[in-house]
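Me: I have a model open and want to go through a few local features. Can you take my questions as they come?

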Amino acid sequence: MAQDAYVVAFDTANEVVAIGIGRVCGACATACTLDDIVATREVAAHRASNTVLLAQLDEALAEAGVAKADIAAVVCGRGPGSFTGVRICMATAKGAASALEVPLFGVSTLDAVVWNAWASGVRGRVMCAADAMRKEVYPALFDVTDEGVRRLTTDTVVKAVDAPAWLAEATALVDGDASVQGVTPLIMGDGLAKYRTVFEPEGRIADEALWGVSGRGLLLAPRSGGDPATLLPVYTRLSDAEENERIRLSKEHEGKNLHTGVQLFDGSQDAAHPTYRPLDAAHAADVACLEQEVMGSDAWSAASVEDELPRKDRTWWAAFDGERLAGYCGGWIVDGQVQILKIATHPAYRRRGIAAELIALVADDARNLGASTMSLEVRASNAGAQTFYERMGLHAVGTRPRYYSDREDAVIMEGPLPQFRRDVAGMRLHVDDVAGPAPTADGEAASQAASRAKRAPLILAIESSCDETAASVVDGSGAILSDVVASQIDFHSRFGGVVPEIASRKHIEAICGVCDECLESAARSLGASRVRWRDLDAVAVTYAPGLVGALVVGVAFAKGAAWGADVPLIAVNHLEGHLYANKIATPDIKPPMVVSLVSGGHTMLVHVRDWGDYVTMGSTIDDAVGEAFDKVAKALGLGYPGGPIISKLAAKGDPKAIDFPRALMHSGDLRFSLSGLKTAVTTYIQKEQQAGRELNMPDIAASFQQAVVDVQVKKAMAALDETGAREFCVGGGVSANPGLRAAYEAACKKRGVRLSLPPLSACGDQAAMIALVALDRYRHGAFADLTLDVKAHAPLDEAY
Ligand code: KG4
Ligand code: ZN
């Protein structure tokens with residue numbers, strides 16, 4: 001007998017958790033009708049939607065008598081709204097839909113508000129204005145009739161005080177001459193809570209009950225998407241860091257810092273691997289030059305290119321080979337579409353995929369600025385280019401007769417925003433299949449199941465605390481079956497450090513792709529045809545410490561997946577992960593021991609009395625070790641992250657050349673201080689430069705590194721003395737430093753203490769280490785519940 005099928009919809013874009021459950025009639029891609037609605041609820045959550053959402057969803061399902069097995073689709077609000085709020089909703093939805101193996105659809109949070117008003121009997125012109133923080137609102141206009149809701153404007157963000165001007169302009173555009181009579185809208189949306197006085201003169205203010213998102217509105221609003229991997233939030237703006245960069249670049253008349261940017265090619269793929277950066281004013285003349293070469297009389301001048309750069313609705317990217325401009329692409333975002341204004345590659349750099357990457361970068365920005373489609377013009381005679389765009393998903397929609405100055409026609413092509421061709425969301429994906437035992441010869445399902453049972457528990461762990469989106473599967477023996485890392489470094493390096501908002505955005509773009517790849521890779525290791533979420537025995541995730549907005553994506557996704565697959569959830573402290581990374585190379589490592597945790601955010605010595613029983617003996621009172629490496633590299637103009645760059649340079653320098661301070665070396669305790677050392681290095685650099693001497697970079701790097709290493713080793717040995725431990729290990733990004741590793745090898749050998757070091761691949765952030773902690777937790781039955789939230793700080797000493 002056919003079961004009833006249901007769709008669950010939720011939204012946490014604002015201060016309210018809204019949930020709706022509806023019956024699916026026909027395709028689940030079609031919005032519900034009023035008759036389909038089974039249950040709805042709205043709960044004030046303020047900033048706690050991550051803790052409340054799944055518990056509320058369970059209650060709503062129970063109340064409606066709907067089982068998880070009856071869920072045929074998940075629908076989530078895409079915003080616009082609070083960035084973190086939208087990501088909590090969407091990450092949970094992505095996890096749930098993936099594990100339930102059902103499609104995921106998105107609805108506009110603003111549409112949902114207005115559809116609820118429709119259901120309440122509102123008719124006529126409606127303006128919805130959601131709070132966008134920073135004294136801004138997300139406005140949109142709608143016409144509401146008996147038939148339903150018609151949206152009249154695309155998503156955008158405006159200053160609250162400018163909302164009346166926006167309304168006048170939008171009304172004029174929508175109504176043309178009719179606007180003379182002035183259509184006054186009914187105004188709703190949670191922007192009214194802060195800016196009621198701004199809106200009051202502009203129309204009638206709706207009843208407050210209609211301002212927010214509701215389960216009913218979510219079910220009635222039109223849906224889009226279907227694939228959990230590709231659904232993304234509506235932001236309508238770039239991160240602050242990117243916005244500020246655009247302004248700076250548009251004024252920057254000297255080409256600087258050409259060597260950091262988005263590096264979408266590995267050297268192995270191509271002899272030349274250009275660096276991609278937003279275009280700056282310094283290269284406007286180069287663009288004009290190339291324009292002359294490839295566009296002839298349709299070429300733009302340097303002045304017109306420069307004029308483009310500071311505009312908020314434009315995005316321009318360029319590819320550089322060293323100092324040389326290899327290509328550029330500019331787009332104009334208008335009415336939810338990015339129109340490609342210019343795209344060109346230098347003839348010497350053709351056929352290397354540069355144009356495709358430039359378009360993907362422009363499309364990526366355009367998506368963040370609120371676009372969902374792309375359009376461009378191409379010469380009618382240029383069949384090659386047309387084929388190229390067709391492969392990208394665009395198709396011809398018409399022509400512009402005699403568009404070019406030589407009177408050739410242009411073909412207009414349109415389509416969805418193209419994606420990056422490489423890996424996940426343009427990030428480099430590192431996949432390690434770790435070979436399991438020989439696959440079963442016959443490959444029968446039964447024997448696969450048997451061999452899988454032997455390997456229980458299978459745990460998938462997720463890590464998203466900083467700028468790596470990672471997933472790993474471990475089996476009951478502690479063997480890592482898959483280890484997948486998508487590194488965002490390329491998207492942060494030109495800012496000289498991790499930009500939290502970019503990190504969060506990239507996590508939500510990558511999380512499904514990384515987890516899918518992880519499950520496929522685990523299947524390969526097991527010799528199984530497939531590993532599904534429901535085959536797992538638990539889902540684990542890093543919940544602390546780290547960047548809150550980054551952690552939230554992993555935690556919400558993991559909770560959604562654990563909920564969907566009906567398996568337990570395990571919460572892991574990132575620092576404990578770095579400790580456990582030592583088990584990869586030294587499986588028999590055993591407490592009591594001392595671990596030194598040295599990363600971009602932490603520097604500490606911890607007494608590991610037992611697994612799970614930690615006493616922090618001392619930590620840094622200011623900067624972390626990795627942070628010091630990064631800051632010194634920045635001072636030397638060497639790019640980000642600094643650790644690997646400095647350690648390579650240091651290998652060629654004299655560690656005794658400069659006597660940098662070793663702070664707290666003789667303090668008699670286990671505290672560290674690194675900010676003085678960083679200042680000493682920058683002061684030294686300034687003095688040398690003032691004296692007109694050329695900097696000896698290798699010597700500076702080697703001497704700085706030695707100062708760090710000396711203190712680290714001295715204090716670590718003191719910690720071993722204090723505890724009497726016979727085992728020592730290191731964890732965190734800085735444990736990859738060859739100088740530090742060598743110094744520890746010598747010092748531990750001298751003392752007869754056993755030293756363990758993580759393999760180089762497990763020094764930085766990955767999820768294998770999280771999976772290993774999770775396995776221990778699993779054995780102790782230490783599970784988290786679905787109210788789990790993230791924490792920016794969480795000492796290891798506290799049991800959790
Ligand atoms: O553990 P991790 O990947 O992320 C955090 O949890 O912070 O550590 C990253 C830090 C960065 O500051 C980076 O510069 C540093 O580790 N690092 C190194 C080396 N490789 C990475 N520091 C010194 N020498 C290295 N070879
Ligand atoms: Zn780390």
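Me: Is Cys289 buried or exposed?
Reply: Cys289 is exposed, at 52% relative accessible area. Exposed means over 50%, buried under 20% and partly exposed in between, with a 1.4 Å probe and protein chains only. This is a predicted model: local features need pLDDT of at least 70, side-chain atom pairs count only at pLDDT 80 or more, and totals for chains, interfaces and linings use all residues. Residues are numbered from 1 along each chain as its sequence is written, chains are lettered from A and ligands numbered from 1 in the order in which they are written, and side-chain values use heavy atoms, leaving out hydrogens and water.

Me: New topic. What coordinates the zinc ion (ligand 2)?
Reply: His574 (NE2), His578 (NE2) and Asp765 (OD), at 2.1 to 2.2 Å. Donors are N, O and S atoms within 2.8 Å of the metal (3.2 Å for Na, K and Ca); water is not among the atoms, so the site may look incomplete.

Me: Where do His574 and His578 lie?
Reply: Both lie in helix H16 (residues 574-580), 4 residues apart, about one turn of the helix. Helices (H or I, at least four residues) and strands (E, at least two) are DSSP runs, numbered from the N terminus. Both histidines, His574 and His578, are buried. The donor spacing in sequence is H-x3-H-x186-D.

Me: Which peptide bonds are cis?
Reply: Ala544 to Pro545 is cis, with omega about -20°. Tyr640 to Pro641 is cis too, with omega about -5°. Pro545 sits in the loop between strand E24 (538-544) and H15. Pro641 sits in the loop between helix H18 (625-635) and helix H19 (642-650).

Me: What about phi at Met133?
Reply: Phi of Met133 is positive, about 60°, though this residue is not a glycine. Met133 is in the loop between strand E6 (124-131) and strand E7 (136-145). Its relative accessible area is 32%, so Met133 is partly exposed.

Me: And Arg407, buried or exposed?
Reply: Exposed, at 57% relative accessibility. Arg407 also has a positive phi, near 70°.
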